[in-house]
Amino acid sequence: MSDVRERVGEEEWTLRIELAAAYQVFALLGWTHLIHTHITVKSGENQFLINPLGFLWDEITASSLVTVDGDGQILEHGSTQSSINPAGFKIHSAIHTSVREMEWVMHIHVADVMAVASLKQGLIPGLSIYSMDIGGISYHDFEHATSEDSDVCDRMIADLGPVNKVLLLRNHGAITVGDSVHETFYLTYQLIEACRVQLLTLSATETDSDYSIVPEAIVEETYRIVQAKYTGEEFGKLEWEAIRRKMESEQGLTYQQ
Ligand SMILES: [Zn+2]
Ligand SMILES: [Zn+2]
């Protein structure tokens with residue numbers, strides 16, 4: 001049994017395996033920016049897990065994750081002596097500890113998402129079955145988290161708003177939030193595919209009269225159907241378990257160490 005496992009207890013260890021699986025799946029799907037961006041999860045009262053700074057996502061294991069408090073102070077270094085990205089965690093912490101109290105926060109720089117985030121029109125909700133699964137989209141104008149202006153987090157929380165689970169960061173990427181790893185993963189998946197379809201559609205057409213858009217009422221109805229366990233399971237649960245099996249068959253189980 002690893003030292004970290006003994007120190008953190010069973011409950012956090014289970015969560016560490018789940019979070020490490022998420023990093024591995026993102027690596028498998030190519031949703032990474034080298035050592036940058038983050039997936040975080042609330043692991044206890046004022047405790048969160050985040051990736052150690054400087055590691056590729058397919059190098060991340062349950063032991064190597066870092067436990068921090070809401071201010072980014074390290075509570076458990078994990079198996080590396082690495083630090084974390086404090087500016088990055090500041091944003092995640094603000095979302096975890098806001099009134100929304102989201103358990104999972106995923107942050108990506110995937111190029112297709114960054115491109116759509118920078119389009120003035122943003123993501124077109126009625127363009128694809130992917131975009132119809134996402135629900136409302138929020139937008140946040142570019143500013144760097146390391147900005148001296150400490151109100152950056154407040155503005156981001158205000159832009160995310162009370163309901164939406166996708167925040168497109170203009171010229172930057174996206175943040176997705178959810179109550180479980182499967183919900184947040186599948187939301188991220190649908191977002192990335194929705195952005196790809198939109199870029200393909202826009203590149204193959206000249207004006208918006210060249211493509212069809214599903215009317216708003218049908219978009220909303222489709223979203224309700226997808227959220228209402230039409231697979232018999234919670235949103236994303238079967239999809240997450242399937243991709244996790246694929247990751248484990250290709251990359252092995254060393255991420256659980
Ligand atoms: Zn970023
Ligand atoms: Zn982040």
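Reader: Hi! What should I know before I look around?
Author: This is a predicted model, where local features need pLDDT of at least 70, side-chain atom pairs count only at pLDDT 80 or more, and totals for chains, interfaces and linings use all residues. Residues are numbered from 1 along each chain as its sequence is written, while chains are lettered from A and ligands numbered from 1 in the order in which they are written.

Reader: Thanks! At what angle do helix 2 and helix 5 cross?
Author: Helix 2 (residues 86–97) and helix 5 (residues 152–160) cross at roughly 50 degrees, and their axes come within 10 Å. Helices are DSSP runs of H or I with at least four residues, strands are runs of E with at least two, and both are numbered from the N terminus. Axes are lines fitted to C-alpha atoms, for helices over the stretch in contact, with angles from 0 to 180 degrees between N-to-C directions.

Reader: Switching topic: which residues touch the most other members of the largest nonpolar core?
Author: Those are Leu19, Ala22, Val113, Ala174 and Leu191, out of 60 residues in that core. Helix 6 (residues 181–203) gives the largest share, nine residues. A nonpolar core is a set of buried Ala, Val, Leu, Ile, Met, Phe, Trp, Tyr and Cys residues joined through C-beta atoms within 7 Å. Buried means 20 or more other C-beta atoms within 10 Å of a residue's own, exposed means 12 or fewer, and partly exposed is in between, with C-beta atoms placed from the backbone.

Reader: What is alanine 174 in contact with?
Author: Leaving aside neighbours within four places in sequence, alanine 174 contacts Ile108, Val113, Ala117, Val166, Leu167, Leu168, Leu169 and Leu191.

Reader: Nice. How about valine 41, buried or exposed?
Author: Valine 41 counts as buried, because it has 24 C-beta neighbours inside 10 Å. This residue lies in strand 1. Beyond four places in sequence, valine 41 is in contact with Leu15, Leu19, Phe48, Leu49, Glu103 and Trp104.

Reader: Where is tryptophan 13?
Author: Tryptophan 13 is in helix 1 (residues 3–29). It is partly exposed, with 19 other C-beta atoms within 10 Å. Not counting residues up to four places away in sequence, tryptophan 13 touches Arg5, Val8 and Ala62.

Reader: And where does valine 214 lie?
Author: Valine 214 is in the loop between helix 6 and helix 7 (216–227). Its C-alpha atom is separated by 8.1 Å from that of serine 128, although the two are 86 residues apart along the chain.

Reader: Last one: what is the phi of leucine 34?
Author: Phi of leucine 34 is near 50 degrees, a positive value in a residue other than glycine. Leucine 34 sits in the loop between helix 1 and strand 1 (39–44), and it counts as exposed because it has 10 C-beta neighbours inside 10 Å. Glutamate 101 also has a positive phi, of about 50 degrees, although it is not a glycine.

How values were computed:
Contact = placed C-beta atoms within 7 Å.
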